[in-house]
Amino acid sequence: MPSGWPTSWAPWRSCRWRRPPTGPSSTPTRRARATSASSALHEAPRYDATSDFLPDRAVDGDPTTRWASRIFSDAAEWFQVDLGQVLAFGQIELHWEYWATRYSVEVSNDGERWREVAGHQQAERAKEPPQPVDRILLPAPVEARYVRIQMTQRPQTSGEAAGTSTWTPKAFSLWEVGVYLR
Ligand SMILES: [Ca+2]
């Protein structure tokens with residue numbers, strides 16, 4: 001578990017901001033203002049009647065809702081969160097439904113100029129597939145307003161035998177994304 005707590009971007013619905021026993025005494029400052037992604041499954045005609053897969057579903061604090069990209073695609077995708085202001089953070093958690101085997105974490109203060117601060121190589125797998133959780137500890141705290149996950153590679157095999165989702169084949173899909181102090 002992180003020694004800090006979420007930096008306040010997810011609109012957790014209840015029991016939010018559980019303070020760790022020995023954490024600092026300040027309180028979280030702001031919530032995420034916006035999320036965006038390169039695509040979303042609801043854009044496909046078959047799913048256009050639902051908003052179930054919109055990007056904000058991955059920061060709503062609900063482990064049963066998720067963002068999903070387009071399906072049956074080999075394209076790279078990205079998922080982005082606007083923290084609303086520049087905040088310092090040191091840990092990112094990705095709760096995958098359909099995961100990336102290669103990805104990078106980029107940050108920006110203006111949403112235009114980005115720099116990479118970590119990649120899948122730095123991720124510690126906190127929970128194994130299916131539905132894996134990746135925990136990325138940044139070597140030093142980062143200050144930024146925007147965080148973007150660039151996803152470029154899917155599991156080589158998919159389907160039930162490979163332990164990947166059969167719900168969103170060849171998509172990228174995230175139940176929750178969290179950014180934490182350390
Ligand atoms: Ca969710």
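Ser 108 stands opposite Tyr 146 in strand E7. Strands here are DSSP runs of at least two residues, labelled E; helices are DSSP runs of type H or I with at least four residues; both are numbered from the N terminus. This is a predicted model, where local features need pLDDT of at least 70, side-chain atom pairs count only at pLDDT 80 or more, and totals for chains, interfaces and linings use all residues. Residues are numbered from 1 along each chain as its sequence is written.

Back to the pairing. Two strands pair if DSSP finds at least two bridges between them. E4 and E7 are joined by seven bridges and run antiparallel. Another pair between these strands is Ser 104, whose bridge partner in E7 is Gln 150.

E4 also pairs with strand E5, residues 115-119. Four bridges join E4 and E5, again antiparallel. Here Val 105 stands opposite Ala 118 in E5. E4 and E5 form a hairpin, with six residues between them. In that turn, Gly 111 has a positive phi of about 75°.

Now E7 and its other partners. Phe 89 has Val 142 as its bridge partner in E7. Opposite Ala 123 stands Ile 136 in E7.

E6 and E7 make a hairpin too, with five residues between them. Gln 131 in this turn has a positive phi of about 65°. Pro 130 lies in the loop between E6 and E7. The peptide bond from Pro 129 to Pro 130 is cis, with omega near -5°.

Stay in that region for one residue. Ala 126 sits in strand E6, residues 123-127. Ala 126 is partly exposed, because 13 other C-beta atoms lie within 10 Å. What does Ala 126 touch, leaving out residues up to four places away in sequence? Val 133, Asp 134 and Arg 135. Contact means that the C-beta atoms of two residues, placed from the backbone, lie within 7 Å. Ile 136 is ten residues from Ala 126 along the chain, and their C-alpha atoms are separated by 9.6 Å.

Next, the whole chain. The protein has zero helices and eight strands. From the N terminus on, the elements run β-β-β-β-β-β-β-β. Of its 182 residues, 37% count as buried. Take the contacts with a separation of 6 or more: 69% of them are between residues 24 or more positions apart.

On to the core. A nonpolar core is a set of buried Ala, Val, Leu, Ile, Met, Phe, Trp, Tyr and Cys residues joined through C-beta atoms within 7 Å. The largest one has 39 residues. Which of its members touch the most others? They are Ala 40, Ala 58, Trp 67, Phe 79, Val 147, Leu 174 and Val 177. At least two residues of this core come from each of strand E2 (67-68), strand E3 (77-98), strand E4 (102-108), strand E7 (133-153) and strand E8 (173-180). E3 gives the most, with nine residues.

Take Leu 174 from that list. Not counting residues up to four places away in sequence, Leu 174 touches Ala 58, Arg 66, Trp 67, Phe 79, Leu 94, His 95, Trp 96 and Glu 97.

Last, two residues in loops. Phe 72 is in the loop between E2 and E3. Its phi is near 50°, a positive value in a residue other than glycine. Why does Phe 72 count as exposed? Because Phe 72 has 9 C-beta neighbours inside 10 Å.

Lys 170 is in the loop between E7 and E8. Lys 170 also is not a glycine, yet has a positive phi of about 60°. With 17 other C-beta atoms within 10 Å, Lys 170 is partly exposed.

Notes. A residue is buried if 20 or more other C-beta atoms lie within 10 Å of its own, exposed if 12 or fewer, and partly exposed in between; C-beta atoms are placed from the backbone.
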